[in-house]
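This briefing covers strand pairing, charged pairs, aromatic contacts and a surface patch. Please read it alongside the sequence and the coordinates.

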Amino acid sequence: MLIKKAAIFVMALLLSACGYHLRGAIQLPENMKSIYVEGGSGALLEQFKQVMKASSAQLSNSRAGAGIVIKIFNEDFNRRVLSLSARGKSNEFELNYRLDYEFANAKDVTLMERQSVEIKRDYYNDQQYIIAKDNEETGIRNEMYQQAVQTIVNRARVVLESGAK
């Protein structure tokens with residue numbers, strides 16, 4: 001019994017020493033533990049909540065309590081057909097997600113000018129499994145939202161760390 005406990009303790013030490021952290025977790029500076037997001041779709045805000053929760057941070061309900069304000073502009077999600085079958089049905093789609101954002105502090109002083117994020121994915125649309133393909137598209141959209149949030153949070157972290165030096 002003592003050997004099992006010792007083995008578990010050693011494994012826990014090894015995992016913490018190797019830099020292991022939960023998937024989706026991002027190391028955030030102290031002044032980024034509370035973020036206010038202005039604008040953006042519900043799906044994007046949901047991804048922000050998930051990333052913040054995994055990173056031991058939170059989304060603020062107001063500008064006043066936030067370390068950084070992320071302003072979202074011109075969010076757009078498009079789907080276009082890439083190829084057609086012999087019957088004229090779509091075989092392949094391309095999903096394109098684009099948004100502009102900028103960073104400010106709680107007093108609305110701009111920390112970084114407006115920049116954009118654009119993410120593209122394509123997938124095969126098998127006409128025999130239409131319901132499964134709809135679910136696949138939903139999953140791909142969620143991954144695109146998550147990638148956009150990770151990109152924005154990483155850039156915010158860099159901006160805050162460079163401003164602190």
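A residue counts as buried when its relative accessible area is under 20%, as exposed when that area is over 50%, and as partly exposed in between. By that cut-off, Lys71 and Glu102 are both buried. The model is a predicted one. The topics below start with the sheet and then turn to the side chains.

**Sheet**

- The sheet is open and built from five strands, arranged in the order S2-S1-S3-S4-S5 with mixed pairing.
- Strands S2 (58–59) and S5 (110–124) are the edge strands; each has a single partner strand, so one side of each lacks a neighbour in the sheet.
- Strand S4, made of residues 90–104, pairs with S5 in the antiparallel sense, and 12 bridges join the two.
- In S5, the residue that stands opposite Arg98 is Glu118.

**Salt bridges around Lys71**

- The structure has a count of eight salt bridges.
- One of them joins Lys71 to Glu102, with 3.8 Å between the closest N and O atoms.
- Because Lys71 belongs to strand S3 (residues 68–84) and Glu102 to strand S4, this pair ties together parts that are 31 residues apart in sequence.
- Lys71 also meets Asp108 in a salt bridge, at 2.6 Å from N to O.
- Asp108 lies in the loop between S4 and S5 while Lys71 lies in strand S3, so this contact ties together parts 37 residues apart in sequence.
- Lys71 has a relative accessibility of 9% and therefore counts as buried.
- Asp108, at 39% relative accessibility, counts as partly exposed.
- Salt bridges link Lys71, Glu102 and Asp108 with Glu38 and Arg63 in a network.

**Salt bridge between Arg80 and Glu94**

- The side chains of Arg80 and Glu94 form a salt bridge with an N to O distance of 2.7 Å.
- This pair links distant parts of the chain, since Arg80 is in strand S3 and Glu94 in strand S4, 14 residues apart.
- Arg80 has a relative accessible area of 48%, so Arg80 is partly exposed.
- Glu94 has a relative accessible area of 15% and is therefore buried.

**Aromatic rings**

- A pair of aromatic rings is described by two quantities, the distance of the centres and the angle of the planes.
- The structure contains five aromatic pairs.
- In one of these pairs, the ring centres of Tyr101 and Phe103 are 5.3 Å apart and the planes meet at 45°, so the pair is tilted.
- Tyr101 and Phe103 are both buried.
- Phe77, Tyr97 and Tyr145 are linked into a cluster by ring pairs.

**Charges over rings**

- Phe77, a member of that ring cluster, has Arg141 over its face, at 4.1 Å from the ring centre.
- Arg79 lies over the face of Phe93, at 4.1 Å from the ring centre.

**Surface patch**

- Phe9, Val10, Met11, Leu13 and Leu14 make up a nonpolar patch on the surface, and their accessible area together is about 510 Å².
- Met11, one of the patch residues, has its place in helix H1, which covers residues 2–17.

Notes. Residues are numbered from 1 along each chain as its sequence is written. This is a predicted model: local features need pLDDT of at least 70, side-chain atom pairs count only at pLDDT 80 or more; totals for chains, interfaces and linings use all residues. Side-chain values use heavy atoms; hydrogens and water are left out. Two strands pair if DSSP finds at least two bridges between them. Helices (H or I, at least four residues) and strands (E, at least two) are DSSP runs, numbered from the N terminus. Patches are made of residues with over 30% relative accessible area and no salt bridge: like charges are joined within 9 Å, nonpolar side chains (Val, Leu, Ile, Met, Phe, Trp, Tyr) within 5 Å. Accessible areas come from the Shrake-Rupley method with a 1.4 Å probe; for residues, only the protein chains shown count as cover. A salt bridge is a side-chain nitrogen of Lys or Arg within 4 Å of a carboxyl oxygen of Asp or Glu. Rings of Phe, Tyr and Trp (its six-membered ring) pair if their centres lie within 6.5 Å; planes under 30 degrees apart count as stacked, over 60 as edge-to-face and the rest as tilted. Buried means under 20% relative accessible area, exposed over 50%, partly exposed in between (1.4 Å probe, protein chains only). A charge sits over a ring if NZ of Lys or CZ of Arg is within 6 Å of the ring centre and within 35 degrees of the ring normal.
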